[in-house]
Amino acid sequence: MHNGKARAFTNIALIKYWGKKDPKLILPMNSSLSLTLDAFYTETSVSFSKDYTEDLFYLDGYLQEGEKKMQKVSRLLNLARKQAGIYDHAVVHSHNFVPTAAGLASSASGLAALAGACNEALALNLSSTELSRFARKGSGSACRSIYGGFAEWKKGDSDQTSFALPVDANQWENELAMIFIITNDKAKKISSRNGMQQTVETSLYYNDWLKAAEADIKTAKNAIANQDFHALGEVIEANCLKMHATTLAATPPFSYWTPDSLKAMNKVYEMRQNGQNCYFTMDAGPNVKVLCPKKDSQKIYNDLQKEFSEQQLVLAHAGKGIESLETEVSK
Ligand code: DP6
């Protein structure tokens with residue numbers, strides 16, 4: 001029996017990963033940049049044993065059945081077994097820690113935690129770079145959750161050269177906050193995996209997105225180096241809007257926005273006009289995330305409370321990198 005356990009925090013992309021050059025290896029079309037956050041994380045334990053007759057995956061206590069639900073997990077388990085030279089099946093227990101039950105579970109923290117747990121269980125001794133590369137093959141965004149604070153996923157052009165690295169901000173990340181506005185999601189869900197594929201294949205704006213993303217990442221890194229909040233805010237908000245514009249020019253067109261997303265975006269514009277320091281970003285769903293300086297976060301939170309209920313708002317700060325945890329059963 002080989003056991004391992006790890007905790008990984010989720011990350012939110014400030015400059016988005018949107019499109020794959022190689023869907024099998026998960027090589028991205030563009031580099032991306034994220035902030036790891038403290039409010040959401042996943043703890044995952046894995047045990048490999050000759051006594052098991054199949055791979056089993058429990059998420060928050062519930063057995064996940066069917067190829068689709070197992071897809072990302074199976075991929076990492078197979079890669080881990082290959083690397084360790086074993087054939088044992090595995091049992092995975094994963095718990096998402098989210099402050100509300102609003103469907104904010106993330107594949108970034110989930111697949112990063114599984115990668116870390118496999119690394120422990122099979123004593124793979126992966127460096128951070130190797131662990132990032134391994135997590136990437138479960139879910140692209142997971143490769144950034146290996147690190148705390150800011151991380152850049154350098155797109156690379158092969159399995160070897162595509163991984164995330166920390167972006168040194170001289171502790172500036174600890175002066176920032178992100179407020180999640182959890183909107184009611186009644187819209188039909190298109191996963192990020194399917195959404196980005198449809199966009200790469202059909203969107204008229206996709207090439208322009210790629211050009212913009214390369215420039216935006218440089219601007220964002222400069223803003224971080226200069227600790228310039230407004231420069232960072234402007235580029236992350238514009239980058240998110242450009243990503244979402246590609247979906248409108250896809251065939252068939254689609255959008256992740258709901259009326260509540262627009263309400264949240266307009267509220268951010270309004271607060272900014274009133275002198276507040278805040279900018280938004282959105283991922284492949286209707287929730288809106290507001291980046292602001294930590295010192296202003298309580299005031300901004302209070303302002304948002306005028307429009308959204310307390311259950312819809314979550315205040316987060318910069319989170320830590322992946323951690324190994326003690327397993328209950330000794331090796
Ligand atoms: C919009 O990492 O979930 O959140 O690699 O197919 O598992 P797969 O996709 P995933 O995509 C995340 C897309 C995004 C932007 C980002 O996190 O960079």
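**Backbone, ligand and pocket**

Tutor: Ala123 sits in the loop that runs between α2 (107-121) and α3, where helices (H or I, at least four residues) and strands (E, at least two) are DSSP runs numbered from the N terminus. This is a predicted model, in which local features need pLDDT of at least 70, side-chain atom pairs count only at pLDDT 80 or more, and totals for chains, interfaces and linings use all residues. Residues are numbered from 1 along each chain as its sequence is written, and side-chain values use heavy atoms, with hydrogens and water left out.

Student: What is phi of Ala123 near?

Tutor: Phi of Ala123 is near 45 degrees, a positive value in a residue other than glycine. Most residues other than glycine have a negative phi.

Student: And is Ala123 buried or exposed?

Tutor: Ala123 is exposed, with a relative accessible area of 53%; buried means under 20%, exposed over 50%, and partly exposed in between, using a 1.4 Å probe and protein chains only.

Student: Which peptide bond is cis?

Tutor: The bond joining Thr251 and Pro252 is cis, with omega about -10 degrees, and Pro252 is placed in the loop between α6 (229-248) and α7 (259-273).

Student: Switching to the ligand, which residues come nearest?

Tutor: Of the 18 residues around the ligand, Tyr17, Lys20, Ser139, Ser141 and Arg193 come nearest, a residue being near if one of its heavy atoms lies within 4 Å.

Student: Where are polar atoms 2.7 Å from an oxygen atom of the ligand?

Tutor: A polar backbone atom of Gly140 lies at that distance from a ligand oxygen, and a polar side-chain atom of Ser141 is likewise 2.7 Å from an oxygen atom of the ligand. For Tyr17, a polar side-chain atom is 2.6 Å from a ligand oxygen. Taken alone the ligand exposes 460 Å², of which the protein buries 94%, with areas from the Shrake-Rupley method and a 1.4 Å probe.

Student: Which helix gives the most to the shell around the ligand?

Tutor: Helix α4 (residues 192-202) does, with three residues.

Student: What about the second largest pocket, what lines it?

Tutor: Its lining includes Leu79, Gln83, Arg133, Phe134 and Asp159, and α1 (67-84) and α3 (128-136) each supply at least two residues of that lining. On a 1 Å grid over the protein atoms alone, a pocket is an open set of points where a 1.4 Å probe fits, with protein on both sides within 12 Å along at least five of seven lines, and lining residues have an atom within 4 Å of a point.

Conventions: Polar contact = N/O pair within 3.5 Å; in protein donor to acceptor, adjacent residues only side chain to side chain.
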